[in-house]
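Let's walk through the spaces inside a protein model together, with a stop at its ligand and a few details of the chain. Keep the 3D view open as you read.

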Amino acid sequence: MPLSRAPLSPVLARQATYPFVRLNEAAQRKREEGVDVIDFGTGDPREPTDPLIRQALVDGLRDRMGYPLTQGLPELRGAIAAWIERRFGASLDPDAQVVPTLGSKEAIFSFAQAVVDPDGGKDTVAYTEPGYPVYERGALFAGARPLPVPLRERDGFLPDLDAIEPETWARLAVFWVNYPNNPTAAVAPLSFYERLAALARAHGFVLASDEAYTELWFEEPPPSALQLDDLTNVAVFNTLSKRSSMTGYRSGFVAGDEALVTALRAFRPTVGTAPQEFVQRASVAAWGDERHVEEARARYGRKRALFLDLFRRKGVRVAGSAATMYLWLEVPGGGSSEAFAERLLEHGVVVAPGAYLGASGEGYVRLALVPDEQECARAVAILEEVL
Ligand SMILES: Cc1ncc(COP(=O)(O)O)c(C=O)c1O
């Protein structure tokens, strides 16, 4: 960072470059050399957003658009609760147990600020690694103690809850889990949520379940923590970004424990607003439609099948990878994940080194199936030669 006389948060000053910035820069250098780069690095779906959703956004424009209220439009809360009921069979009160968010990133980042209480002994935020970096950043900026919990293949990429000491449970304010998981693409059974929710109630922390990828599945729909009989101390975060290819719209929700939703409704007006009203209208259309989601799943499924076939033929082991838009591959030959990613980039194929996503990600790379089917076929032809 350039030298400045202005004060700077020490958390920000210590922050390493977001690893994907490095990855994107390396890919950009390759493009400047004239290589036609195919980017499987970041998980931004490049699918067009369904016309039904785009039309709802346009129809939602008004002469004057005031501040969107934190609680969002009743139609949106209703559409979210109805989707939760259809998808997970859970019946939630849309007015008391659902709050719309601007995608899920901001809500994930700021959640620690709403619940961490160092003076009350609740100073620790646990999250799994390798993983989405925002749980840790949110904890650090809230002044909490971050506690990374490794995901290991031998445990099915679930955190080893037995390895956590009683004193640590007592200090926890939040335990973040993310299934289907980014980056390992593993799925958690409902029994895992049952156990963690019981621990959350026993020790007084929040089970925060980031479920951004529940709709990208291939064999059977993954469960949600919303299916638990008792949602006390449970907060579920979901988003239209991946389900409906709406990363640029910024629309998601937090749902679960009524007391937590009430706390968020008190907290969130200080931080910002609900999504723009026209985005909320588009979101009502998106949550209400499954056809476009089925089509997206089918497209991801075809791309996935291409690569699974290639990796099987080439003896590249695919770990985890039951759902999501990601494939989690063991680095063939056992070298570092960064060196393997650099080798593929030489041939114009960008993948994310597992080590960028957390120490326990070393030895793996993540492939985000976001390029279109033609690009995927081209990448398979390249990898056919390279692997
Ligand atoms: C695990 C996980 N959670 C949450 C998000 C945030 O998505 P959004 O803010 O677009 O809803 C992402 C985005 O990549 C993610 O990978």
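The report below covers the ligand site, a pocket, the cavities, an aromatic pair and some backbone details.

Residues are numbered from 1 along each chain as its sequence is written. The model is predicted, with local features needing pLDDT of at least 70 and side-chain atom pairs counting only at pLDDT 80 or more, while totals for chains, interfaces and linings use all residues; side-chain values use heavy atoms, and hydrogens and water are left out.

## Around the ligand

| Residue | Atom on the protein side | Distance to a ligand oxygen atom |
|---|---|---|
| Serine 104 | polar backbone atom | 2.7 Å |
| Lysine 105 | backbone N or O atom | 2.8 Å |
| Arginine 250 | polar side-chain atom | 2.7 Å |

On its own, the ligand has 390 Å² of accessible area, and the protein covers 91% of this; such areas come from the Shrake-Rupley method with a 1.4 Å probe. Helices (H or I, at least four residues) and strands (E, at least two) are DSSP runs, numbered from the N terminus.

## The second largest pocket

Rolling a probe the size of a water molecule over the atoms shows where empty space is left. On a 1 Å grid over the protein atoms alone, a pocket is an open set of points with protein on both sides within 12 Å along at least five of seven lines, whereas a cavity is a set where a 1.4 Å probe fits but cannot get out; lining residues have an atom within 4 Å of a point. Points are joined across faces, edges and corners, and a volume is the space filled by probe spheres set on them.

The second largest pocket holds about 440 Å³ of space. Its lining has 22 residues, and those nearest its centre are Pro19, Pro133, Glu136, Arg137 and Tyr356. Two or more residues come from each of α1 (10-14), α2 (19-32), β3 (124-129) and α6 (134-141). Which element gives the largest share of this lining? That is α6, with four residues. The lining divides into 12 nonpolar, five polar and five charged residues.

## Two cavities

There are two cavities of 30 Å³ or more. The largest has about 40 Å³ of space, and its lining includes Phe311, Val316, Leu329 and Phe340. Both α13 (337-346) and β13 (364-368) give two or more residues to this lining. How many nonpolar, polar and charged residues line the largest cavity? There are 10 nonpolar, no polar and no charged ones.

The second largest cavity also has about 40 Å³ of space. Ala107, Ser110, Phe111, Phe237, Val254, Leu264, Phe267 and Arg268 form its lining, with two or more residues from each of α5 and α10 (258-271). By class, six are nonpolar, one is polar and one is charged.

## Rings and backbone

The whole structure has 20 aromatic pairs, meaning rings of Phe, Tyr and Trp (its six-membered ring) with centres within 6.5 Å. In one of them, phenylalanine 175 and phenylalanine 205 have ring centres 6.5 Å apart and planes at 40°, so the pair is tilted; planes under 30 degrees apart count as stacked, over 60 as edge-to-face and the rest as tilted. Phenylalanine 175 sits in strand β5 (residues 172-178) and phenylalanine 205 in the loop between α8 (190-203) and β6 (206-210), 30 residues apart in the chain.

Two peptide bonds deserve a look as well. The bond from glutamate 129 to proline 130 is cis, with omega near 5°, and proline 130 lies in the loop between β3 and α6. The bond from tyrosine 179 to proline 180 is cis too, with omega near -10°; proline 180 belongs to the loop between β5 and α8. Finally, serine 245, a residue other than glycine, has a positive phi near 50° and lies in the loop between α9 and β8 (252-256).

Terms used: Ala, Val, Leu, Ile, Met, Phe, Trp, Tyr, Cys and Pro count as nonpolar, Asp, Glu, Lys and Arg as charged, and the others, Gly among them, as polar. A polar contact is a pair of N or O atoms within 3.5 Å; within protein, one must be able to donate a hydrogen and the other to accept it, and residues adjacent in sequence count only if both atoms are side-chain atoms.
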